[in-house]
Amino acid sequence: MVFDVSVALTWVLFLALFPMAFFWWRRAYRIVIKRDFSEVALKRGVSPAHPEKFAPYEAAINMIAGAIAVVVIVFVLLGRLDYDAWTAIAGSTIWCKFFANFILGRHAHPP
């Protein structure tokens, strides 16, 4: 059996979707249900002056990204998505979530 880097990276991406979806859903749960705003719109680890103002946006970002990750996991396991489709969806979701969190963090901390 020959080691193929692309197969290994595919497995890493697929298996990484599980903890990412868990952490994103847990973060949304903390914001919406527990009203814990300690991780909302962080910039260099510091919360903004009024994090409750930005909490709905942070919760929405995490819920949407978590839902997409769960849908991708389920569809891959059921064989509904081919390789190119699910890797594109998963990768785009990860990058869009990181960019959205970055933008929200910078918007919450005016210069």
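View 1. At 80% relative accessibility, Arg44 counts as exposed, where exposed means over 50% relative accessible area, buried under 20% and partly exposed in between, with a 1.4 Å probe and protein chains only. In this predicted model, local features need pLDDT of at least 70 and side-chain atom pairs count only at pLDDT 80 or more, while totals for chains, interfaces and linings use all residues. Residues are numbered from 1 along each chain as its sequence is written, and side-chain values use heavy atoms, with hydrogens and water left out. Arg44 lies in the loop between H1 and H2, and Arg44 has a positive phi of about 55° although it is not a glycine. Most residues other than glycine have a negative phi.

**View 2. Arg35, in the loop between H1 and H2.** The loop that holds Arg35 runs between helix H1 (5–32) and helix H2 (55–78); helices are DSSP runs of H or I with at least four residues, strands are runs of E with at least two, and both are numbered from the N terminus. Arg35 is not a glycine, yet its phi is positive, at about 60°. With a relative accessible area of 55%, Arg35 is exposed.

**View 3. The helices of the protein.** Three helices and zero strands make up the secondary structure, and the pattern along the sequence is α-α-α. The C-alpha trace spans about 55 × 30 × 20 Å along its principal axes, and of the 111 residues in the protein, 32% are buried.
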